[in-house]
Structures are given as structure tokens and as C-alpha cells.
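Keep the viewer open as you read.

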Amino acid sequence: MADCECLAGCPFFNSKMASSMTAVAQSMKKRLCQGDNTNCARYQVFKKLGKPKVPADLIPNQTDRAAQIIAAG
């Protein structure tokens, strides 16, 4: 798969979040940001509601939280 279309401005991918600097985060970046981004919570909210609705602290593996945000609209 190709890189996520949001990479350039993604605070998680660009290590601007404390949680994005761990070894686990590096694995998520490779798997989600540079792989199947459809499983990324940030990408899911972005696609459904737009960039302004993506919480700054949303971590890619928080898909349950993403579902709640999307449901709330």
C-alpha cells in the first residue's frame, strides 16, 4: 500500500505527540501510516468528518474512540 495522504501534517507520524516516539509507535507508523491506513483511528475520523474533527491526542490504534467520535458527528 501507499503512504497515507495525511502524512505531511499528521502530528503522530511526525512525532509531535509524546506517544508517537515509542518503539510501539514506530511499528504503528510502519503498519498504518505507511501501510493499511484504513485501520488508523485518525484516518477514519479524517475521512468521515474532516481534518478539523480529528482530536490532537487521538492515537492511531484508538479505533473504538474514533467510532464514538464519528457516531457523535
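The dialogue below goes from the overall fold to single residues.

Q: Where do we begin, and what is the secondary structure of the chain?
A: Begin by remembering that this is a predicted model. The secondary structure amounts to three helices and zero strands, and along the sequence the pattern reads α-α-α.

Q: How does the radius of gyration of the chain relate to the globule rule?
A: The chain has a radius of gyration of 11 Å, close to the 11 Å that the rule gives for 73 residues, so the chain is as compact as a globular protein of that length. Along the principal axes, its C-alpha atoms fill a box of roughly 30 × 25 × 20 Å.

Q: What percentage of the residues count as buried?
A: Of the 73 residues, 36% count as buried. As for the accessible surface, the chain has about 4400 Å², and 55% of that belongs to carbon and sulfur atoms.

Q: How should I read contacts along the sequence?
A: Take the contacts between residues at least 6 apart in sequence: 42% of them join residues at least 24 apart.

Q: How many positive and negative side chains does the chain have?
A: There are 10 positive and 5 negative side chains, and the centres of the two sets lie 5 Å apart.

Q: Which side chain of opposite charge is nearest to lysine 29?
A: That is aspartate 3, 13 Å away. A salt bridge needs a nitrogen-to-oxygen distance within 4 Å, and lysine 29 has no salt bridge, yet is buried. Lysine 29 sits in helix H1, residues 23-33. Setting aside neighbours within four places in sequence, lysine 29 contacts Phe12, Phe13, Ser15, Ser20 and Gln34.

Q: Now for a loop: where is threonine 38 found?
A: Look in the loop between H1 and helix H2 (41-49). Threonine 38 has 45% relative accessibility, so it counts as partly exposed. Not counting residues up to four places away in sequence, threonine 38 touches Tyr43 and Gln44.

Q: Which residues of H2 are buried, and what do they pack against?
A: The buried ones are Ala41, Arg42, Tyr43 and Val45, and they pack against helix H3 (63-72). After H2 comes glycine 50, with a positive phi near 100 degrees.

Notes: Residues are numbered from 1 along each chain as its sequence is written. This is a predicted model: local features need pLDDT of at least 70, side-chain atom pairs count only at pLDDT 80 or more; totals for chains, interfaces and linings use all residues. Side-chain values use heavy atoms; hydrogens and water are left out. Helices (H or I, at least four residues) and strands (E, at least two) are DSSP runs, numbered from the N terminus. Buried means under 20% relative accessible area, exposed over 50%, partly exposed in between (1.4 Å probe, protein chains only). Lys and Arg count as positive and Asp and Glu as negative; His and the chain ends are not counted. Contact means heavy atoms within 4.5 Å. The radius of gyration is taken over C-alpha atoms; the globule rule is 2.2 Å times the number of residues to the power 0.38. Accessible areas come from the Shrake-Rupley method with a 1.4 Å probe; for residues, only the protein chains shown count as cover. The place of a charge is taken as NZ of Lys, CZ of Arg, CG of Asp or CD of Glu.
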